[in-house]
Every structure is written in C-alpha cells, then in structure tokens.
Amino acid sequence: MITDKNIPNKVRIRVEKKSNNDAINKGLEKSKIDSHPILGNSPINHFSEKPILEAVGLSKIYKVGKQLVSPVKDISLQIGYGDFVIIFGPSGAGKSTLVNILMGIESPDVGEVFLKDESLYKYGSEERAKIRLKRFGIVTQIPYFLDQLSILDNVALPLLLDGESKKNATIKARKLLKSVKMGKFEKFKPRELSGGQQQKVAIARAIVNDPWLIFADEPTLNLDAESVDEVINILLDANKNSGRTIIMVTHNLEFLKYSKKWFFVKDGRLWDAEDSKNPFHNIKEVVGYVKEGLE
Ligand SMILES: Nc1ncnc2c1ncn2[C@@H]1O[C@H](COP(=O)(O)OP(=O)(O)O)[C@@H](O)[C@H]1O
Ligand SMILES: [Mg+2]
C-alpha cells in the first residue's frame, strides 16, 4: 500500500515542487535554454558514475470501470551511461507503462524520475516534450512517420524541430540512414518500405539528435526473423561501438542473452537481475517461472 511514510525523501521534494510547474515553464525563454540543466549546452560526462536515469519509488494506478489497476508498483531503478538495459516481462506486465513514465510521457502517481540528477516531472508536459525531442531517441513497436515526407526528411525532422539548419539536418540524416544500410532508400516514402526497413529508419531517426538515451519498446515485435536480427544488431552496435545508452523493452526470452543488465517485470513489480534477493536472478529461473505461468 502506498502511504506517506514510504515515499522516499527525493520524491517528497518533487511533490512539494509540483505546484511550481508554471513558473518553470515560463522560464523557458531562449536566453535561458543555454543554462538549462537538461536542454542546455553543458557537456555530458560519459564517465560519470552517477546514473543518467534514476527512478525512485514509481507507482501508477488506473481506474478501469470500478476497478483499480496498478501496472507499476513501487519501482526503483538506475541506468548508467553506456548501459544496454533490457526490461523484460510477459505481455501486460506493465513494461510500457513503466517506460512511458521513464520517458516523461505519463506522470507517475507516486515517485520520481531523475534525468542526469534533475527531476523530470518538475517540468511541465511541454517542456518534457522538448526534453524528449532533444535528449531521448524513441523507437516504438509500430513506427510512426509523416507519410508525405521522404525517409530522409523523416529522419532529419527531430533536428529541424530542434532548430538545426536544413542543410546540416540533411547531412546528419543521410549519414545515419547509411549507417543502418537504408541510404539507397532515402527518397522513398515510409509506406513504400517493409516493416523491417521502416524500423531501421526509425532507429536512425532515434539516433540522429545524438540523444542521451534511446528507448526501444518491443522494437522487433512485428518483424520477420531476418529483420529482428538486423534491428537487434543495429541497437547492439549503437551501444557497443558508439557508446549509446539503450533501454530495450521486450517479452522475448531470447533477447536476455544480449545483456547482463536486465530487469524482470511481473505484475507491476520490477526485479533486478543483479540483485541476489531477486527470486528471478538467473535466466533459468525466469524461464522456468514464465513457462510455468504460460502452462
Ligand atoms: N491508460 C490505461 N488505462 C487503464 N489501464 C491501463 C492503461 N495503460 C495500461 N493499462 C493496464 O496496465 C497493464 C499493463 O499494461 P502495459 O504497461 O501496456 O503492459 P506491457 O507493456 O508489459 O504489455 C495492463 O493490464 C493494461 O491494461
Ligand atoms: Mg507494452
């Protein structure tokens, strides 16, 4: 049960500050962006031992009819620079709800998310959208594009929205499209591509703004086996060779082999694979548990 007593101190601070949202939004004039703790130009320390993203005591409750559903229950986690983190769990476990909270899309009822030590939810929704645009790359199950634009322009879009010149945005987008082996399709419209090709373009778009974090929620769900491998390899390469921090959500047991850093979500609770108190601290036990649940 969530009571005032078990709200961590960091979270209390956020609850008290919440009423300041308007003041914070008004402080978003251009002149102040440079010194903004998240949107500003201060260099990011990739060697920092502090987590880039930290969640403390997150809970979310929905009312469905007369019933209360709680897909996220008192979840805390830390994600470090350069991590490749897998959030694994069966369908309906609460993975997407959790990741939507981590991305600043859906505010938690209790708890707080800290991005580079800054409370994410002290900012209003518009400012969080700017933070997503500039600092996060997001890959969804089914990629969404602006259908009337070419692939190249779709990939360049996050940069254009962030004020980059058309010329520079196009140069960067082209480079990224080439890196995911989609260069020769740059003039195509999104609908002219297969699902796997679209997902590769979506990853290029997620990387183009040089984000602090890439979130991929079931990025391979609708793909054929060959495209699954390609997409996973692109993500692994972005992590290993470019040092990108990636959070991948999946319900596919096969993917656990790609990272030792994984969390298991079940009934809204989160278990850290590295935590010895975790009843599911090795893959075998998780496999056993999940299979049992399926039988
Ligand atoms: N906006 C919402 N309103 C009501 N219930 C929701 C909402 N979003 C998610 N849920 C419920 O929360 C549970 C977890 O959903 P979700 O986070 O999408 O799981 P997963 O991504 O692991 O499949 C499900 O039972 C779902 O019906
Ligand atoms: Mg989901």
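## Burial and overall content

A residue is termed buried if 20 or more other C-beta atoms, placed from the backbone, lie within 10 Å of its own, exposed if 12 or fewer do, and partly exposed in between. Buried residues account for 38% of the 295 residues in the protein. The structure is a predicted model in which local features need pLDDT of at least 70 and side-chain atom pairs count only at pLDDT 80 or more, whereas totals for chains, interfaces and linings use all residues. Residues are numbered from 1 along each chain as its sequence is written, with chains lettered from A and ligands numbered from 1 in the order in which they are written.

The secondary structure consists of 10 helices and 10 strands, taken as DSSP runs (H or I of at least four residues for helices, E of at least two for strands) numbered from the N terminus. Of the contacts between residues at least 6 apart in sequence, 71% join residues at least 24 apart; a contact requires C-beta atoms, placed from the backbone, within 7 Å.

## Helices α6 and α7

Helix α6 (residues 151-161) packs on helix α7 (residues 166-179) at an angle of about 125 degrees, and their axes are 8 Å apart. The axes are lines fitted to C-alpha atoms over the stretch in contact, and the angle, on a scale from 0 to 180 degrees, is taken between N-to-C directions. The two helices are therefore oblique to each other, since angles under 35 degrees count as roughly parallel, over 145 as roughly antiparallel, 65 to 115 as roughly perpendicular and the rest as oblique. To this contact α6 contributes Ile 151, Leu 152, Val 155, Ala 156, Leu 159 and Leu 160, while α7 contributes Lys 166, Ala 169, Thr 170, Lys 172, Ala 173, Arg 174, Leu 176 and Leu 177. By class these residues comprise 10 nonpolar, 1 polar and 3 charged, where Ala, Val, Leu, Ile, Met, Phe, Trp, Tyr, Cys and Pro count as nonpolar, Asp, Glu, Lys and Arg as charged, and the others, Gly among them, as polar.

Within α6, the residues Ile 151, Leu 152, Asn 154, Val 155, Ala 156, Pro 158 and Leu 159 are buried. The buried residues of α6 pack against α5 (125-135), α7 and α8. Just after α6, Gly 163 adopts a positive phi of about 95 degrees.

## The shell around ligand 1

Ligand 1 is surrounded by Tyr 62, Val 64, Val 69, Pro 71, Gly 89, Ser 91, Gly 92, Ala 93, Gly 94, Lys 95, Ser 96 and Thr 97, each with its C-beta atom, placed from the backbone, within 6 Å of the ligand. Two or more residues of this shell come from each of β1 (53-64), β2 (67-79) and α4 (95-102). Helix α4 gives the most, with 3 residues. The shell divides into 5 nonpolar, 6 polar and 1 charged residues.

Asp 74 lies in strand β2 and has a positive phi of about 50 degrees although it is not a glycine. With 19 other C-beta atoms within 10 Å, Asp 74 is partly exposed.

Asp 210 is placed in the loop between α8 (195-208) and β7 (213-217), and its phi is positive, about 50 degrees, although it is not a glycine. Asp 210 is partly exposed, having 14 other C-beta atoms within 10 Å.

## The loop at Gly 243

Gly 243 belongs to the loop between α9 (225-240) and β8 (246-250). Gly 243 counts as exposed because it has 10 C-beta neighbours inside 10 Å. Apart from its neighbours within four places in sequence, Gly 243 is in contact with His 46 and Gly 82. His 46 is 197 residues from Gly 243 along the chain, and their C-alpha atoms are separated by 8.8 Å.

How values were computed: Two residues are in contact if their C-beta atoms, placed from the backbone, lie within 7 Å.
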